[in-house]
Amino acid sequence: MTTVRPGTEADFEVAVAVWQESDTARRGRPAAPDVEEIVRSRLGVPGTWLTVAERDGQVVGVTFAQPARADDGAGEEIPGLCHLSMVFVLPAHWGHGVGAALLDDTLTEAVRRGYHGIQLWTHEDNERSQRLYTRRGFAREGRTKIADADGGLIGIWSRAL
């Protein structure tokens, strides 16, 4: 059984480890070290939140959300819009509802925090994630860009809350 709970500072290192393992499995290679530093730098920033999923006491998935910002994250906060920065599940737990449980909890928390919409970027070739987002009411916005980290094409998805 999957248990979802708010993440704490004590979960930051395991959240990074879950991200690394999941991202490496999906892409077939580890992310560049500067990407890991970007992930670490976002954890614990005021207004952000981490959610973790556990099975048998082990963290098997994480989401990370924060206020959305204009200019693809470089500008001012966009009132009422949440940005879902991370949804990662350990590969051994893919297809077992962990991502769905995490996403549902994150959407509920976003509403509780007063957000009216939520957005995320995902790789255009990440069909597994896209199926999950579609089932949870997200839709492609049609805008894409090259991901700085790996050169892959990413697209923005969003939904109302």
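Let me begin with a word I'll be using a lot: contact means heavy atoms within 4.5 Å. Please also keep in mind that what you see is a predicted model.

You'll find D11 in the loop between strand 1 and helix 1, which covers residues 12-27. Which residues is D11 in contact with, leaving aside its neighbours within four places in sequence? They are R5, P6, L50, V52 and V59. And is D11 buried or exposed? Buried means under 20% relative accessible area. D11 has 7% relative accessibility, so D11 counts as buried.

Now let's step back and look at the whole chain. The protein chain has 4 helices and 7 strands. Reading from the N terminus, the order of elements is β-α-α-β-β-β-α-β-α-β-β. The C-alpha atoms fill a box of roughly 40 × 35 × 30 Å along the principal axes. For 161 residues, a compact globule would have a radius of gyration near 15 Å, and this chain has 15 Å, so the two agree. Of the 161 residues, 45% are buried. Here is another way to look at the folding: take the contacts in the chain with a separation of 6 or more, and 62% of them are between residues 24 or more positions apart.

Strand 3, residues 58-69, pairs with strand 4 in the antiparallel sense, over 8 bridges. If you want to find that pairing on the screen, look for T63, whose bridge partner in strand 4 is V87. Or look for G61, which stands opposite V89 in strand 4. Strand 4 and strand 5, on the other hand, run parallel and are joined by 3 bridges. There, H83 has Q119 in strand 5 as its bridge partner.

That brings me to helix 4, residues 127-135. Which residues of helix 4 are buried? They are S129, Q130, L132 and Y133. If you look down the axis of helix 4, these buried residues fall within an arc of 160°, so they line one face of the helix.

What do the buried residues of helix 4 pack against? Their partners are strand 4 (77-89), helix 3 (98-112), strand 5 (117-123), strand 6 (139-146) and strand 7 (153-160). After helix 4 comes G137, which has a positive phi, near 90°.

Speaking of phi, two other residues have positive values although neither is a glycine. D56 has a phi of about 50° and lies in the loop between strand 2 and strand 3. D71 has a phi near 55°, and its place is in the loop between strand 3 and strand 4. D56 is exposed, with a relative accessible area of 82%. D71 is exposed too, with 62%.

Last stop: L161, in the segment after strand 7. At 31% relative accessibility, L161 counts as partly exposed. How far from V111 is L161 in space? The two are 50 residues apart in sequence, yet 6.4 Å apart from C-alpha to C-alpha. Not counting residues up to four places away in sequence, L161 touches L107, A110, V111, Y115, H116, G117 and I118.

Technical notes
Residues numbered from 1 in each chain as written. Predicted model: local features only at pLDDT ≥ 70, side-chain atom pairs only at ≥ 80, totals over all residues. Heavy atoms only, no water. Buried < 20%, exposed > 50% of the residue type's maximum accessible area, 1.4 Å probe, protein only. Arc of directions from axis to C-beta. Pairing = 2+ DSSP bridges. Rg over C-alpha atoms; globule rule 2.2 N^0.38 Å.
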